[in-house]
Amino acid sequence: MADDLLVARRLVVSYAQSRSRFGRNKVAPTVLHGIDINIGKGETVGIVGESGSGKTTLGRALLGLVKPTAGSVVFDGSDITALDEFSRRPLRRRMQMIFQDPMSSLNPRHTIGRILIEPIMLHGLAARRPEALALVHGILDRVGLIRSTVGRYSYELSGGQRQRVGIARAVVLQPDFVLADEIVSGLDVSTQAQVLRLLKELTSEMHLALAFISHDLSVIRSICQRVVVMHDGRVVEEGPCERVFASPTADYTRLLIDAIPLPTVDPGWLTRGASVEVAGTA
Amino acid sequence: MNAPRLSIEALSAVSSRDGDRPILRSVSLAVGVGEVHGVVGESGAGKSTIAKAILGIMPSQMRITGGLIEFEGVDLLSLPANGLRALLGRDIALVPQDPSTALNPARLIGSQMTDGLRLKRGLSAREARLRARVLLEEVQIREPDRVLNCYPHQLSGGMRQRVLIAAAFGLEPKLVIADEPTTALDVTVQKQILRLIRSLQECHGTSVLFVSHDLGVVAKICDRLTVMYMGKVLEQGSTMDVLATPKHAYTKALLAASPRYDRPDTGLEPTPPQVVAALRAEIAAFDASQMAETQHG
């Protein structure tokens, strides 16, 4: 496609080979077995999978935070796996991340103001601090936080407010691509709704491409255009949400969808699909 | 209706950390024989506090200020510690939230599972071991002998939760308290665990108090629901009534905020400000009425 922003080809990630205490080589476990994925400009893509599926590793590899064993990640025409740290730097501003747990991703010893101003200065989006502060005020208004939040510390905020700071920190840099890894999994449903709604509005306003990693297919369906289903380090199904949810082709996708408990009474739900027990006891 | 197995009446509690802030506001609920009763709410609703109050494990800064907890007619709150201890495990068991911290990492599964059977059921070591093996088979663990000889870290989260469920139901208690038992699990594993709890419960006629933040989960496993907010019961009824025709605006708001894959155009509705204001007013009015009562009494 002509308007692809991020393209990963045959991406393989293995843990580094290590030696056991007895000097024997341990087998390097492979986390991603040759993943192909395209994310278009302004496109929102959900990446779903259960624990151990490799979805977080895939996200990190897309941002260049994990060095792939094989394969390539091309961002807007340049292969980021081939670039050294220095040449990658200009791309850093354009690829941002919103973290799962804002409590551990926001420095508790820095004020929210400092957390938001520093990257703006670092990437040269403002020449002087007052200009940076003006940008910060603008983004706080947009994400629904009062301006005096700049003087607060992360531990003084609620979970929903902290996640808004996480979103503000990512989008204030005017990125083209944002990776959001399980950003609402710790939030109450009413707070989750607000955060997701905000993210959905921002992606369309700013024409942001979004990779939204989640274990929750209902959340993905509500904010993503396309979905990638992962299982054991492989993509088992991929397509527009509408098609995948209406007629999944992979058995695993079917299994995942059938396992979502909807808030409606359905007496047959518990026993349905009883034959599909997951094998293995480890 | 027969007498309920568990009956909580006007239970109130405060947290002394911020000047006796109320955390349970005159909560009443009843769990019938063989019934799964769901307690749902967001964080701070007091749902786990209820579970802790029943088990007598309230943190030291929390204090019960009034009300009753009756288990088969016995008032648990006035029971001496050894009386409660005799009931716990034998008649009342807990399935905890986080299967990774609930098991002792330094002891084999086999020895942890047989503790209750020996202490509460008086089985010999050999009998307890055989019983534990049967229990593991009941929760569909394929190699029970291997699992009995494992340490907790050698098992997956879903397996650990199966072990804990087997241990809880294994003493054939009359009441199981399940505190967010599937929150830490993947959805496919969650479904298996829910199925397991329901089938064990039906098989033994156990009553279950099921605490959860997830409306979808309680919809699938509970017969009746209690919806809570800031320690106050807002709505109670059959699962069908509460979810299909919610009466309280807060229940409606929770349902409207929940994303649903089958209805992509609905969900994610923010709670209307007037609902939030009405909730605050409801809580404030309740606190004021309590205050007036204590002054007159």
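Author: Domain bounds come from an automatic or database domain assignment. The model shown here is predicted. In it, chain A is divided into domain 1 (1-17 + 26-94 + 176-194 + 204-259) and domain 2 (106-174). The C-alpha centres of domain 1 of chain A and domain 2 of chain A lie 26 Å apart.

Reader: How many residues does each domain of chain A bring to the contact?

Author: Two residues are in contact if their C-beta atoms, placed from the backbone, lie within 7 Å. Domain 1 of chain A contributes eight residues, and domain 2 of chain A likewise contributes eight residues. On the side of domain 1 of chain A that touches domain 2 of chain A, there are four nonpolar, three polar and one charged residues.

Reader: What overall dimensions does chain A have?

Author: Along the principal axes, the C-alpha atoms of chain A occupy a box of roughly 60 × 55 × 45 Å.

Reader: What share of the residues of chain A is buried?

Author: A residue is buried if 20 or more other C-beta atoms lie within 10 Å of its own. By that criterion, 42% of the 282 residues of chain A are buried. As to contacts in chain A between residues at least 6 apart in sequence, 65% join residues at least 24 apart.

Reader: Let us turn to secondary structure. How many helices and strands does chain A have, and in what order do strands form an open sheet?

Author: Chain A has 10 helices and 10 strands. Four strands of chain A form an open sheet with the order 2-1-4-5, and their pairing is antiparallel. At its edges are strand 2 (30-40) and strand 5 (78-79) of chain A, each of which pairs on one side only. Within the sheet, strand 1 (residues 4-14) and strand 4 (residues 70-75) of chain A are joined by five bridges in the antiparallel sense. To follow one such bridge, take A:V7, whose partner in strand 4 of chain A is A:V74.

Reader: Finally, which residues make up the contact between chain A and chain B?

Author: Chain B supplies 40 residues and chain A supplies 34 residues. On the chain B side, helix 8 (187-204), helix 9 (215-221), helix 10 (239-244) and helix 11 (249-257) each give at least two residues. Helix 8 of chain B gives the most, with eight residues. By class, the side of chain B that touches chain A comprises 18 nonpolar, 11 polar and 11 charged residues.

Conventions. Residues numbered from 1 in each chain as written. Chains lettered and ligands numbered in written order. Predicted model: local features only at pLDDT ≥ 70, side-chain atom pairs only at ≥ 80, totals over all residues. Pairing = 2+ DSSP bridges. Nonpolar A, V, L, I, M, F, W, Y, C, P; charged D, E, K, R; others polar. Buried ≥ 20, exposed ≤ 12 C-beta atoms within 10 Å, placed from the backbone.
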